[in-house]
Amino acid sequence: MAVYTEVTDEELRAFIADYAIGDVISCKGIAEGVENSNYLMVTTEGPYILTLYEKRVNPADLPFFLGLMRHLAARGIVCPQPVPGRDGVALRVLAGRPAVIVTFLTGMWPRRILPEHCAALGTALAQLHLAGADYAVARPNSLSLDGWRGLVAATREGADGVKPGLAAVLADELAALSALWPGHGGRPGLPQGIIHADLFPDNVFFRDGALSGLIDFYFACTDMLAYDLAICLNAWCFEADGAFNVTKSRLLLANYARVRPLSAAEVAALPLLARGSALRFLLTRLYDWLNTPAGALVKRKDPLEYLHKLRFHQQARGLADYGLAPGDLALADAP
Ligand SMILES: Nc1ncnc2c1ncn2[C@@H]1O[C@H](COP(=O)(O)OP(=O)(O)O)[C@@H](O)[C@H]1O
Ligand SMILES: N[C@@H](CCOP(=O)(O)O)C(=O)O
């Protein structure tokens with residue numbers, strides 16, 4: 001359960017008095033998520049989500065996230081909407097933390113991922129990228145090369161206690177990616193835009209078999225659009241036994257490309273971007289493994305799951321390993 005900050009009844013009552021959303025009937029910590037404290041709050045008007053922002057969220061970025069959710073909804077992307085208080089302000093303070101109430105999204109995230117989920121995800125991710133294209137605010141990805149460098153340093157001492165030799169693997173991979181990452185060191189970049197950057201299954205809701213909404217925009221940033229696809233390849237296309245499912249991968253990529261055709265350079269970069277994505281989640285999970293406060297009500301995620309994924313991409317021989325044959329994808333720059 002991700003609840004780092006407990007809210008007393010008195011604090012909640014005083015907080016809600018500033019809103020016109022009815023009286024609180026119940027407010028329970030949510031047994032999912034790892035980043036922020038989330039409560040399911042039911043009022044006489046209906047259900048809402050109360051989020052208190054924690055550790056990785058820079059309060060200065062909150063207007064970017066909240067503005068993005070409004071921007072995307074105005075372009076047809078179903079996502080939570082910040083609820084303003086009576087004074088029109090959505091971003092407030094509760095229990096000493098920045099806090100927001102957002103609308104409740106119906107649907108459930110898929111506990112067992114089927115190929116059709118990956119197909120729907122591909123379409124939704126491309127729609128998200130198109131909808132974000134005219135969002136006027138940029139936010140550099142704080143969890144790209146520079147952020148990874150900081151996390152490699154911060155986990156160096158503890159890494160080998162989690163798995164012998166892990167600290168060296170992380171340092172080597174960081175060095176390799178630093179020498180290859182698109183858009184760095186004079187290398188050509190790839191198309192950029194607003195990316196979700198954490199579109200894991202628990203952030204994608206389905207209802208009656210159809211994708212019904214996206215949540216958790218608190219890692220959203222400006223980065224390579226194809227990097228978002230690489231994050232999804234890692235989060236959606238590996239089976240519980242560690243096998244990579246090429247059918248899911250092909251469906252994800254092909255449905256994405258039908259809405260937003262990929263350039264040949266983006267397709268060619270996917271294995272590299274997937275390595276970067278694997279390193280990113282390996283590092284944040286490892287950092288949390290080593291640093292989660294003892295009393296926090298949170299289930300830490302396994303960093304080594306992402307070491308396995310990293311190995312897969314390091315050893316990939318080509319796009320066939322991702323279920324792709326020439327001509328499978330709509331290419332933006334095809335003759
Ligand atoms: N707007 C929402 N509507 C419905 N459920 C939500 C909403 N926001 C969060 N949740 C629930 O809370 C859980 C944790 O939310 P999430 O944003 O992923 O937390 P964290 O930022 O801590 O990772 C989700 O898996 C979902 O069950
Ligand atoms: N998706 C990340 C952790 C953050 O996930 P959230 O959806 O709970 O915000 C991971 O799996 O490492």
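Predicted model: local features only at pLDDT ≥ 70, side-chain atom pairs only at ≥ 80, totals over all residues.
Ile49 has Val102 of β5 as its bridge partner. How far is strand β3 enclosed by the rest of the structure? Of the seven residues in β3 (residues 46-52), six are buried, so the strand is largely enclosed by the rest of the structure.

## Domains and their contact

The protein is divided into domain 1, residues 9-103, and domain 2, residues 115-322. Taken over C-alpha atoms, the centres of the two domains are 26 Å apart. Domain 1 puts 23 residues into the contact and domain 2 puts in 25 residues.

Between them, the domains bury about 2,100 Å², and 69% of this is on carbon and sulfur atoms. On the domain 1 side, the residues that lose the most area to domain 2 are Arg56, Phe64 and Phe65, which together account for 29% of what that side buries.

A UniProt record, an unreviewed entry, lists residues 27-262 as "domain: Aminoglycoside phosphotransferase". In the model, that span is 38% helix and 19% strand, and its end C-alpha atoms lie 44 Å apart.

## Nonpolar cores

The largest nonpolar core has 87 residues. Those with the most contacts inside this core are Trp148, Leu170, Trp181, Phe217, Trp236 and Leu273. Helix α8 (residues 264-291) supplies the largest share of the core, twelve residues. Where does the core lie relative to domain 1 and domain 2? Both domain 1 (9-103) and domain 2 (115-322) give residues to this core, so it lies between them.

Not counting residues up to four places away in sequence, Trp148 touches Leu143, Leu174, Leu177, Trp181, Tyr227, Gly276, Leu279, Arg280 and Leu283. A second core of 16 residues is separate, and includes Ile16, Met41, Tyr48 and Leu50.

Arg285 lies in helix α8. Is the side of the cut-off on which Arg285 falls buried or exposed? With a relative accessible area of 9%, Arg285 is buried, because buried means under 20%. Apart from its neighbours within four places in sequence, Arg285 is in contact with Phe200, Lys301, Asp302, Pro303, Glu305 and Tyr306.

Phe244 is found in the loop between α6 (225-236) and α7 (246-259). Phe244 is buried, at a relative accessible area of 13%. Its contacts, leaving aside neighbours within four places in sequence, are Leu233, Cys237, Phe238, Ser249, Phe312, Asp321 and Tyr322. Phe244 and Leu68 are 176 residues apart along the chain, and their C-alpha atoms are separated by 32 Å.

## Gln81

Gln81 has its place in the loop between α2 (62-74) and β4. Its relative accessible area is 21%, so Gln81 is partly exposed. Leaving out residues up to four places away in sequence, Gln81 touches Met69, Arg70, Ala73, Ile101, Val102 and Thr103. Among these contacts is Val102, the residue of β5 that is the bridge partner of Ile49.

Pro191 is 110 residues from Gln81 along the chain, and a distance of 28 Å separates the C-alpha atoms of these two residues.

## Positive phi at two alanines

Most residues other than glycine have a negative phi. Ala95 has a positive value, with phi near 50°. Ala95 lies in the loop between β4 (92-94) and β5. At 28% relative accessibility, Ala95 counts as partly exposed.

Ala197 is not a glycine either, and has a positive phi of about 75°. Its place is in the loop between β6 (192-195) and β7 (204-207). Ala197 is buried, with a relative accessible area of 5%.

How values were computed. Residues numbered from 1 in each chain as written. Chains lettered and ligands numbered in written order. Heavy atoms only, no water. Buried < 20%, exposed > 50% of the residue type's maximum accessible area, 1.4 Å probe, protein only. Helix = DSSP H or I, 4+ residues; strand = E, 2+ residues; numbered from the N terminus. Pairing = 2+ DSSP bridges. UniProt positions renumbered as here; feature names shortened; annotations may be inferred. Core = buried A, V, L, I, M, F, W, Y, C linked by side-chain atoms within 4.5 Å. Domains from an automatic or database assignment. Contact = heavy atoms within 4.5 Å. Buried area = accessible area lost by both parts, 1.4 Å probe.
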